[in-house]
Amino acid sequence: RRVTKIAIRAMDNAIDLTKYPSKKTETTQKERRSVGLGALGEAELIAHRKIEYGSDEHLELIDYIYGIIEDEANKTTRELAIEKGPCIIPDVRNAYLMCIAPNSTSGLFAGTTNSHEPVYNKKWTEENKLGQFTMTAPNLTIENYVYYKNPYEINIMTQIKVAARRQKHIDMSQSFNIHMLPVGLKLSEIREVIRFAHKSGLKTTYYFRSKPPKVNDITAPKKSAVKCSGCEN
């Protein structure tokens, strides 16, 4: 709750401090004052607690955590509306509050896993203009090894069910990658996955990824950008 309150207030301040590329974008943003609060470290959290991905315990945990974030974010925007004035929507300072994206680079900088997705792998190499670096899942141990699974080791429908549990607390959306093994993959299977995501309540999906790394193979490098924190590949 403490971090959520600080984050919402900081992002609301950023709206007024930002230099906008045009008057129209500035007017639109200052009318709605939308912000996008995210998160980091879900995969590390469940591995640390030895929770199986997609289990009832996992669903209950993220329901509880995101419920707290949602509640505190809503309280904070109402407080800000009283202190500084509402946006075009009465009684709130910010029209939208939450938007979840993988934020892989931010996760690396913070020393944890990305926002909400399974780990890229238990171990891999990061390659950028500075060189090639060996990486492992955060705080990887013998005890939590089996709980760190890459997205190709987890049924995609299970991943959608987990994403749907988050979505109930997120007023905008979450960038949800669809990972499916390419061997024998049919277009009808992709269609069914997208339909299931829609029926489950996801507002959007993100990239479709079908070329997985070799499981736990450190020889398969992952190329990454270093120019900005928003770059994913």
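This is a predicted model: local features need pLDDT of at least 70, side-chain atom pairs count only at pLDDT 80 or more; totals for chains, interfaces and linings use all residues.
Helices and strands here are DSSP runs, helices of at least four residues and strands of at least two, numbered from the N terminus.

Let's walk along the chain. The pattern reads α-α-α-α-α-β-β-α-β-α-β-β. In total that gives seven helices and five strands. How does the radius of gyration sit against the globule rule? It is 19 Å, close to the 17 Å the rule gives for 233 residues, so the protein is as compact as a globular protein of that length.

A few overall values before the details. Of the 233 residues, 40% count as buried. The accessible surface comes to about 13000 Å², and carbon and sulfur atoms own 56% of that. Now take the contacts between residues at least 6 apart in sequence: 72% of these join residues at least 24 apart.

On to the charges. How many salt bridges does the structure hold? There are 18. Let me pick out a few of them for you.

Are the two partners buried or exposed, or something in between? Arg1 is partly exposed, with a relative accessible area of 45%. Glu72, on the other hand, is buried, at 6%. The cut-off for buried is under 20% relative accessible area, and exposed means over 50%.

Next comes Arg9, which forms a salt bridge with Glu79, the closest N and O atoms being 3.7 Å apart. Arg9 lies in helix α1 and Glu79 in helix α4, so this pair ties together parts that are 70 residues apart in sequence. Both ends are partly exposed: Arg9 has a relative accessible area of 25%, and Glu79 has 29%.

Now put these pairs into their wider setting. Arg1, Lys5, Arg9, Asp71, Glu72, Lys75, Glu79 and Glu83 are linked in a network of salt bridges.

For a bridge between sequence neighbours, look at Arg32 and Glu31, where the closest N and O atoms are 3.6 Å apart. Here Arg32 is partly exposed at 37% relative accessibility, and Glu31 is partly exposed at 35%.

Let's turn to the aromatic rings. A pair of aromatic rings is described by the distance of the centres and the angle of the planes. How many aromatic pairs are counted here? The count comes to two. In one of them, the rings of Tyr120 and Trp124 have centres 5.7 Å apart and planes at 70°, so the pair is edge-to-face; the cut-off for that label is an angle over 60 degrees. Tyr120 is partly exposed, with a relative accessible area of 26%, whereas Trp124 counts as buried at 8%.

The other pair is Tyr206 with Tyr207, and this one is tilted: 4.5 Å from centre to centre, with 50° between the planes. Tyr206 is partly exposed at 33% relative accessibility, and Tyr207 is partly exposed too, at 43%.

The charged end of Lys122 sits over the ring of Tyr145, 4.8 Å from the ring centre.

I'll finish with Tyr96. What does Tyr96 touch, leaving aside its neighbours within four places in sequence? The contacts are Arg33, Ser34, Val35, Asp171 and Met172. Take Ser34 from that list: Tyr96 and Ser34 are 62 residues apart in sequence, yet their C-alpha atoms are 4.6 Å apart in space.

Notes
Residues are numbered from 1 along each chain as its sequence is written. Side-chain values use heavy atoms; hydrogens and water are left out. Rings of Phe, Tyr and Trp (its six-membered ring) pair if their centres lie within 6.5 Å; planes under 30 degrees apart count as stacked, over 60 as edge-to-face and the rest as tilted. Buried means under 20% relative accessible area, exposed over 50%, partly exposed in between (1.4 Å probe, protein chains only). A charge sits over a ring if NZ of Lys or CZ of Arg is within 6 Å of the ring centre and within 35 degrees of the ring normal. Contact means heavy atoms within 4.5 Å. A salt bridge is a side-chain nitrogen of Lys or Arg within 4 Å of a carboxyl oxygen of Asp or Glu. The radius of gyration is taken over C-alpha atoms; the globule rule is 2.2 Å times the number of residues to the power 0.38. Accessible areas come from the Shrake-Rupley method with a 1.4 Å probe; for residues, only the protein chains shown count as cover.
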